[in-house]
Amino acid sequence: MTRLLVVEDDPAIGSELVNALTGQGYIARLAATGQRAIEDAREVAPDLILLDLGLPDIDGVDLCRRLRSELPQALIVVLTARSREFEVVVALDAGADDYLTKPFRLTELMARLRAHLRRHQAMPEDRMVAVGALRLDVAARRAFVSETELELRPKEFDLLTALARRAGEMVSREQLMDEVWDTNWFGPTKTLDVHVSALRRKLAEHGEDPLRIATLRGRGYRYEVG
Ligand code: CA
């Protein structure tokens, strides 16, 4: 069973979300404060956390960072007010996989969550991908540079796999959004750029050239072979 944790201090929104998720067959629990979210996350180890960034007791971005370090495998989708969209990039940097701005349509949220969970839980193709010093064990969802393992978040792994599988070729922004996030993105694709920055940083930390991931401005990215 898929376990979800809804972190939302507005009781009306919180119970609407939990009811909708339960109606879809998920196990969903509501935490109305940041402190409660940390305790619940430890107790139930959710597959996905829906995190409202505006909480009464803990800064939402700090909480996101904390949940990410405690649950590296969980998907985190943050909810933020449209007037506070500036928080999105910081939250993605702090470990969120995706975001939605309030107000959102429940149907859109459900579609987004289903897509994330399907991708996350799908049996990956059983094969290895190797480019230069990078080696991906797609089945085990592990990434290595030389002999050391990279600590990647779920979407970072998916993105690196999408690029490395087509090493030497340009992969368009649209293709990456579609493949990794399962969405046709019409707005700014901050999520993609933030994840690329994180991958470059992690590659560099392990002695690989961050420019292995080349930017083709406005068009896409390419994982360099040479
Ligand atoms: Ca709130």
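Me: Which domains does the domain assignment of the protein chain give?
Reply: This is a predicted model, in which local features need pLDDT of at least 70, side-chain atom pairs count only at pLDDT 80 or more, and totals for chains, interfaces and linings use all residues. Residues are numbered from 1 along each chain as its sequence is written, and side-chain values use heavy atoms, with hydrogens and water left out. Domain bounds come from an automatic or database domain assignment. For the protein chain, that assignment gives domain 1 (3-121) and domain 2 (128-223).

Me: How many residues does each domain bring to the contact?
Reply: The C-alpha centres of domain 1 and domain 2 lie 24 Å apart. Contact means heavy atoms within 4.5 Å. The contact takes 16 residues from domain 2 and 21 residues from domain 1.

Me: How many salt bridges does the rule find across the interface of domain 1 and domain 2?
Reply: A salt bridge is a side-chain nitrogen of Lys or Arg within 4 Å of a carboxyl oxygen of Asp or Glu. Across the interface of domain 1 and domain 2, the number found by this rule is zero.
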